[in-house]
Amino acid sequence: MLDLNNPSTESFVKEGSTETFMADVVEESKTTPLLAYFTASWCGPCKTMGPIIESAVNKTRGKIKLVRLDVDANQNIAAQLRIQSIPTVYVFMDGQPVDGFTGAKTAAEIEKFLAEIVKKSGGTTVEEILEEANELLASGGVAEASQIFATVLQDYPENPIAYAGLISCHIFSDNLDQAEAMLQAVPPAIANSREINGVRSNIELKRQAKASGPTHQLAEQVRNNPDDLQGRFDLAIALYSNDQVQEGIDELLEIFRRDQEWNDGAAKEQLLKIFSSLKPEDPIALKGRRKLSSLIFS
């Protein structure tokens, strides 16, 4: 579990030397995965990658540590490890080098590389932390989930899962204005991600539901007049907002079955919004998509 009390400003990077290599790298790696990062003051790519990899290591909050080694000042160690070009990174675990890479990498590549190290060492990855937060949210633990999402965003401000999760906490709390305000502030890099599009659709659906009327009245209206497609549409939105997602989808599918072009294809458009608000692997979304496809091609 992520240590929410451990400030992300704490550094897990230190300067190493030939004299301290055994203690700082080999021995330390027996308890914590460690990166031996070989660099030099004259190395252009090192100047670019150095701050990136150090920041990424610090974001792991101690799950990985880094020792920086200048090849000019530590030629013996560089020779023993056969460093031929820089930047070079060696991963040490249990006192042994187990992985590594040579050459500059992007922030995304480094974060993916570190996530694999955390996973191999039995630690909890950011993806697993976010999965736990989403499970908490689904079970009603809004405050706990919100804290986890917010903490992840401190280190990964462009993580679409964390951003969408925090917005979902506001939606779950029926604070649509706050959810919409946060949606407007989404970083451009993730504004069109699947996760952000999902919460955007969810907000729109919740707004519509507030104007649609009480579910029981709408259901009675549709029972009395099954051909009232607008009433059925309003009922579908209300059902969805009441967490009766399958029932809402069924009503929209019935509208589409009766008249695919009703209200400029509103039933299909609304179904696609609902599918977008659900996870791609959600059984309800998968079943609904299959039924919609069947109606389209029947």
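In the predicted model, the second largest pocket has a volume of about 460 Å³. Its lining is made up of 25 residues, and those closest to its centre are E111, V126, E127, Y156 and N159. Helix 2 (44-59), helix 4 (107-120), helix 5 and helix 6 (142-155) are the elements that each give two or more residues to this lining. Helix 4 provides the largest share, with 7 residues. Sorted by class, the lining of the second largest pocket consists of 13 nonpolar, 5 polar and 7 charged residues. Residues of both domain 1 (13-121) and domain 2 (126-211) take part in the lining, so the second largest pocket lies between these two domains.

The division of the protein chain comprises domain 1 (13-121), domain 2 (126-211) and domain 3 (215-297). The centres of domain 2 and domain 3, taken over C-alpha atoms, are separated by 24 Å. Across this pair, 11 residues of domain 2 are in contact with 11 residues of domain 3.

Domain 2 and domain 3 also each contribute at least three residues to the lining of the largest pocket. The volume of the largest pocket is about 1200 Å³. It is lined by 33 residues, of which L137, S168, N202, S277 and K279 are the closest to its centre. At least two lining residues come from each of helix 5 (126-138), helix 7 (160-172), helix 9 (194-210), helix 11 (229-241) and helix 13 (266-277). Among the contributors to the lining of the largest pocket, helix 9 gives the most, with 8 residues. The lining of the largest pocket contains 13 nonpolar, 8 polar and 12 charged residues.

The strands considered next form an open sheet of 5 strands, in the order 1-3-2-4-5 and with mixed pairing. Strand 1 (13-15) and strand 5 (96-102) are the edge strands, each pairing on one side only. On average, and with direction ignored, neighbouring strands of this sheet are turned by 25 degrees against each other.

Within the sheet, strand 3 (residues 65-70) pairs with strand 1 in the parallel sense, over 3 bridges. In this pairing K14 stands opposite V67 of strand 3. Strand 3 is also joined to strand 2 by 6 bridges, and strand 2 and strand 3 run parallel. Here T39 stands opposite D70 of strand 3.

Methods: Residues numbered from 1 in each chain as written. Predicted model: local features only at pLDDT ≥ 70, side-chain atom pairs only at ≥ 80, totals over all residues. Heavy atoms only, no water. 1 Å grid on protein atoms, 1.4 Å probe; cavity = no way out; pocket = protein on both sides within 12 Å on 5 of 7 lines; lining within 4 Å. Points joined across faces, edges and corners; volume = space filled by probe spheres on them. Helix = DSSP H or I, 4+ residues; strand = E, 2+ residues; numbered from the N terminus. Nonpolar A, V, L, I, M, F, W, Y, C, P; charged D, E, K, R; others polar. Domains from an automatic or database assignment. Pairing = 2+ DSSP bridges. Axes fitted to C-alpha atoms, helices over the stretch in contact; angles between N-to-C directions. Contact = heavy atoms within 4.5 Å.
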